[in-house]
Amino acid sequence: MYICTGSQGNYRSALSSIVKGEHKDVKLAKGDAIIFSSKIIPGNEEKIERMQENLMDQGVDVIREEEFLVHTSGHGNRADLKRLYALLKPKILMPVHGDKRFIREHQRYGYSLGIGQVETARNGDLFRLRDGHLEFVEAVPVEIMAVDRRRVVPLNAQVFKNRKRIAYNCSVFISVVFDAEWKLLDLQISSIDILDEPAFSELAAGIKADMEAQIPEEVVKFNYNENQISDYIKSRIRRKIFNVTEIKPVVFYHLTRTGAA
């Protein structure tokens with residue numbers, strides 16, 4: 001019997017490498033059995049299902065806690081904690097595992113066992129341990145951080161929001177060139193994620209022809225105001241794309257005026 005990490009579908013776990021046939025020591029064969037003794041942590045359902053489907057495809061018997069009485073917990077109960085604290089005899093305790101309800105109950109339980117000081121903390125709380133006493137100093141602002149290639153940035157950074165927005169809405173690049181007198185010289189519309197290349201090229205060509213016919217009149221109507229002209233071009237092209245694809249893409253826009261002072 002092997003006791004392995006990876007029952008939650010963790011891609012770098014021992015079980016994951018065994019399932020994929022990449023483990024250097026453990027290989028599966030038809031008729032083997034794997035017991036998933038833990039409950040599924042919300043959010044891991046798809047990963048675990050894929051792993052179990054892979055196992056069944058290999059002829060491995062999958063034994064799950066939903067169907068058999070095999071669940072076991074790695075968390076200590078009250079009796080375990082009581083025994084632990086009796087052995088360690090701590091003067092200070094800071095429960096950190098679980099939600100607020102469990103942490104508060106753990107704090108009350110610690111006091112009931114005679115532990116002198118039981119503190120709770122939130123992410124960012126700074127404590128000082130001095131002369132056998134734990135004292136709160138201050139709350140340090142903290143954010144959930146993420147590794148973005150070679151950088152460490154807040155998970156709620158605008159760059160991630162932009163990527164999600166582009167991933168969901170697609171993107172379109174618009175480049176327009178006017179001369180110094182606001183005569184349209186060139187208009188380019190491109191995208192790599194709205195439609196396949198031939199289909200988008202056909203769509204962009206039709207939009208370009210329509211815009212080239214309308215822009216001169218609109219430039220005069222807007223009294224050569226660059227902001228109004230740009231807003232018109234961006235919104236008009238975006239609307240035309242939506243009318244055909246039902247996609248409202250993120251617009252990347254560049255305007256150039258040649259010979260302008």
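Biologist: Which residue of strand 6 is the bridge partner of leucine 126?

Modeller: The bridge partner of leucine 126 in strand 6 is glutamate 138. The model is a predicted one, in which local features need pLDDT of at least 70 and side-chain atom pairs count only at pLDDT 80 or more, while totals for chains, interfaces and linings use all residues. Residues are numbered from 1 along each chain as its sequence is written, and side-chain values use heavy atoms, with hydrogens and water left out.

Biologist: What makes strand 5 and strand 6 a pair, and in which sense do they run?

Modeller: Strands are DSSP runs of E with at least two residues, helices are runs of H or I with at least four, and both are numbered from the N terminus. Two strands pair if DSSP finds at least two bridges between them; strand 5 (residues 125–130) and strand 6 (residues 133–139) have six, in the antiparallel sense, and therefore count as paired. Their hairpin has two residues between the strands, and there aspartate 131 takes a positive phi near 55°. The parallel strands 1 and 2 are joined by four bridges, and phenylalanine 36 has arginine 64 in strand 2 as its bridge partner. Strand 1 (residues 33–36) has Ile34 and Phe36 on its covered face, with Ala33 and Ile35 on the uncovered one. In a regular strand the side chains alternate between the two faces of the sheet.

Biologist: Why is glutamate 65 called buried, and what makes its approach to lysine 39 a polar contact?

Modeller: Buried means under 20% relative accessible area, exposed means over 50%, and partly exposed lies in between (1.4 Å probe, protein chains only). Glutamate 65, in the loop between strand 2 (61–64) and helix 3 (78–88), has 17% relative accessibility and therefore counts as buried. A polar contact is a pair of N or O atoms within 3.5 Å, where within protein one must be able to donate a hydrogen and the other to accept it, and residues adjacent in sequence count only if both atoms are side-chain atoms. The side chains of glutamate 65 and lysine 39 make such a contact at 3.4 Å. If contact is taken as heavy atoms within 4.5 Å, glutamate 65 touches Phe36, Ser38, Lys39, Val70 and His71, leaving out residues up to four places away in sequence.

Biologist: How do you know that the length of helix 7 agrees with its number of residues?

Modeller: The expected span is 1.5 Å times one less than the number of residues. For the 20 residues of helix 7 (residues 226–245) this gives 28 Å, and the end C-alpha atoms are 28 Å apart, so the two agree. At the start of the helix, a side-chain oxygen of asparagine 225 comes within 3.1 Å of the backbone nitrogen of asparagine 227, and after its end glutamate 246 has a positive phi, near 60°.

Biologist: What is the accessibility class of phenylalanine 252, and what is that of asparagine 223?

Modeller: Phenylalanine 252, in strand 11, has 35% relative accessibility and counts as partly exposed. Among its contacts beyond four places in sequence are Ile166 and Phe173. Asparagine 223, in the loop between helix 6 and helix 7, stands at 62% and therefore counts as exposed. Its phi is near 55°, a positive value in a residue other than glycine, whereas most residues other than glycine have a negative phi.

Biologist: Why is tryptophan 182 called buried?

Modeller: Its relative accessible area is 10%, so tryptophan 182 is buried; it is found in the loop between strand 9 and strand 10. Tryptophan 182 also has a positive phi of about 65°, although it is not a glycine.

Biologist: How many disulfides are there by the rule used here?

Modeller: A disulfide is a pair of cysteine sulfur atoms within 2.5 Å, and by this rule the count is zero. Cysteine 4 is partly exposed at 35% relative accessibility, and cysteine 170 is buried at 10%.
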